[in-house]
Amino acid sequence: DGNLVKRSEWSTSNNSKAVGVAVLSGNCKFVIAPTQYSYKFKWSKNGHRYAVPGVTTTTSNSTAKKDYKGVSNSSAIVSKYGAGTDYAAGWCQNFSFKNGKKGYLGSCGEWQEAYNNKAEIDACMSLIGGTAIATYDYHWTSTQYDSGSAWKLTWSDGGVGNDPKGNDNRVRAFAAL
């Protein structure tokens, strides 16, 4: 119904209405989808190694963790590679949240903000009957490292690194608030 509810006020009888878990910080505001697709995706369509214009691109770990432009990064990626569900940002933009919002591929900074609140997100995801964020795999971010690689984050320890765009990693759709 468009309302944000704190964990302490949530009733599991509302689980069928849960849109996801919200992350609200001074840097960004978004919702993490309650489920993730079990399949892994390449960052770019067919693993192409292009520097996508309009996407935050940095080889600096600290700069990547301050990129909160997931929505615009994702739009630029989809603009470059076209519609489709066979690559990370395309799949996320085709994900529909229960409230009708379109998904996007979270940036490295947004994933970092989520990880900074990992315990709360894990608890809330469980409370709403969502699927736990996979701890055993990396998740793509929409932040580019260079023309051939992009940033990824692991939920187990918050580690970030770069990976070739043609490799397969997990994705989880975010929605803007």
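This report walks through the sheet, cores, cysteines and salt bridges of a predicted model.

## The sheet and its helix

Let's start with the strands. Four of them form an open sheet in the order β1-β2-β9-β4, and their pairing is antiparallel. At the edges sit β1 (21-24) and β4 (104-105), each of which pairs on one side only. Helix α4 (residues 108-116) packs on this sheet and touches β1, β2, β4 and β9. The direction of α4 makes about 75° with that of β2.

Inside the sheet, strand β2 (residues 29-32) and strand β9 (residues 173-176) run antiparallel and are joined by three bridges. Val31 has Ala175 in β9 as its bridge partner.

## Two nonpolar cores

The largest nonpolar core has 23 residues, and Trp43, Ile77, Leu105 and Val171 touch the most other members. Helices α2 (70-81) and α3 (88-94), together with β9, are the elements that give two or more residues to this core.

A second, separate core holds 22 residues, among them Val21, Ile121, Cys124 and Trp155.

## Cysteines without disulfides

The disulfide count comes to zero. Cys28 counts as buried, because its relative accessibility is 8%.

Cys124 is in no disulfide either, with the nearest cysteine sulfur, that of Cys28, 16 Å away. Cys124 also counts as buried, at 14% relative accessibility.

## Salt bridges across the chain

The structure holds seven salt bridges. One of them pairs Asp168 with Lys42, with the closest N and O atoms 3.3 Å apart. Asp168 lies in strand β8 (residues 168-169) and Lys42 in strand β3, so this pair ties together parts that are 126 residues apart in sequence. Asp168 is partly exposed, with a relative accessible area of 39%, and Lys42 is partly exposed at 27%.

Glu120 and Arg7 form another salt bridge, their closest N and O atoms being 3.0 Å apart. Here helix α5 (residues 118-127), which contains Glu120, is linked to the segment before β1, where Arg7 sits, 113 residues apart. Lys40 and Asp137 also meet in a salt bridge, at 3.2 Å from N to O. Lys40 is partly exposed at 30% relative accessibility, whereas Asp137 is buried at 14%. With Arg170, Lys40 and Asp137 are linked in a network of salt bridges.

Terms used: Residues are numbered from 1 along each chain as its sequence is written. This is a predicted model: local features need pLDDT of at least 70, side-chain atom pairs count only at pLDDT 80 or more; totals for chains, interfaces and linings use all residues. Side-chain values use heavy atoms; hydrogens and water are left out. Two strands pair if DSSP finds at least two bridges between them. Helices (H or I, at least four residues) and strands (E, at least two) are DSSP runs, numbered from the N terminus. Contact means heavy atoms within 4.5 Å. Axes are lines fitted to C-alpha atoms, for helices over the stretch in contact, and angles run from 0 to 180 degrees between N-to-C directions. A disulfide is a pair of cysteine sulfur atoms within 2.5 Å. Buried means under 20% relative accessible area, exposed over 50%, partly exposed in between (1.4 Å probe, protein chains only). A nonpolar core is a set of buried Ala, Val, Leu, Ile, Met, Phe, Trp, Tyr and Cys residues joined through side-chain atoms within 4.5 Å. A salt bridge is a side-chain nitrogen of Lys or Arg within 4 Å of a carboxyl oxygen of Asp or Glu.
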